[in-house]
Amino acid sequence: MNIVALILAGGQGTRLGVITEYLAKPAVPYGGKYRIIDFAISNCVNSGIYNVGVLTQYRPHVLNKHLGIGRPWDLDIKTGGLTILPPYVSSTDQSWYMGTADAIYQNVEYIDTYDPDFVLILSGDHIYKMDYNEMIDFHIEKNADATIACMEVPLNEAHRFGIMVTDSFGKIVEFQEKPKEPRGNLASLGIYVYSWKVLKKLLIEDAKDPNSEHDFGKNIIPRMLEEKNNLVAFNYEGYWRDVGTLESYWESNLELLGPLPLLNIHDVNWKIYTQSEELPPAFISDKANLSGSLISEGCEVYGEVHNSVLFQGVIIEEGAIVKDSVIMNRCIIRKGAYIEKAIIAENAEIGENVKIGIGEFKENKFNSKIYNSDITLIGFNVSIPSNISIGKNVVIGNSVKDIPDDVPSGGYVL
């Protein structure tokens, strides 16, 4: 049985605001020292799948550097291994993936070099741990043309997903792409197993269709249903998160905390591999006050940290207080600073006695669709001068230098 995994990692992730201004969503830091794409790649390796292609597109430089030749995942092998697959200029002068199906179609030759029985198609921007062998075995058992991993979601959230309607045997009889009026709550997780001969034929036909959007959800799956292909739903019951919004990203990071976290990233039987700096163990001062937090390598903590995630190399000076926050790599929180319910991106410096996340919630004046919670976001490479107050639901853009003395709730500096 020969399997090729393809990870769609070209997404822009606009709902993460300034975090994805200069990097692709799969490259966003997560969980203290990882990047989001580490989970899909680690799942492949832990499942014994070593032919892995990563399809890149938007802002790929940080992602490409992180992936390298695949060494952290033991994918730096002569036959197979990790291959980065950017768009390229074809005979039709097309150089940009037009949709998810087109991204796979443009790489048919790469897939064919392995002569696979099955192709595993994954999203590079979800957080979960999954043994893909269980899904592949299910696919074979059901003699399916396509198997789609699904899980039940609250009905009021079903409009955010592709929704599967199945019969009593788990066969998919109807598919609704992000429906306004969903007929069910069985949501697609963006994890697919396809029989390659069936999928290849469909992709070639779809590429010739001038009216197609060349998308799996909008075109390939509906066409398979029309042509009476055997599509089945594989029910997944573990932890899975689409961290596509600031609130879901913040929540998912904090779900790693506590004695019984919703997702155990320290499981030695299912390791999450990554490319990260080799740093000494964290230093915790005897004057520090910690509770329910994840403190990564290279951190120095002299102040208070509660229910928060500190990435590698973060410094919390004496008298500083951090609560319910995500602090990315190499940030410095100076003396007397107070931070609550914030996401602070890499290389930020928060000056002495700065207050972040105070006051009452107000609608964001820049973009209320992206910035719509109590969370305040400080961008990459920002230096906030001492004694400044910043309210809730505020965004400070990447590399911003001029910051007023006070930024009220709902404000922005870009």
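Strand β8 (residues 146–152) and strand β11 run antiparallel and are joined by 6 bridges; strands are DSSP runs of E with at least two residues, helices are runs of H or I with at least four residues, and both are numbered from the N terminus. Two strands are taken to pair if DSSP finds at least two bridges between them. Within this pairing, I148 stands opposite Y192 of β11. The model is predicted, so local features need pLDDT of at least 70 and side-chain atom pairs count only at pLDDT 80 or more, whereas totals for chains, interfaces and linings use all residues. Residues are numbered from 1 along each chain as its sequence is written, and side-chain values use heavy atoms, with hydrogens and water left out.

Strand β11 also has antiparallel bridges to two further strands, β6 and β9. Strand β6 (residues 118–123) is joined to β11 by 4 bridges, and V119 has Y194 as its bridge partner in β11. Strand β9 (residues 162–166) contributes 2 bridges, with L186 of β11 being the bridge partner of M164. Of the 10 residues of β11 (residues 186–195), 10 are buried, so the strand is largely enclosed by the rest of the structure. Buried denotes under 20% relative accessible area, exposed over 50%, and partly exposed the range in between (1.4 Å probe, protein chains only).

Burial also characterises helix α1 (residues 37–46), which is largely enclosed by the rest of the structure because 9 of its 10 residues are buried. The buried residues of α1 are I37, D38, F39, A40, I41, S42, N43, C44 and V45. Just after α1, G48 adopts a positive phi of about 80 degrees.
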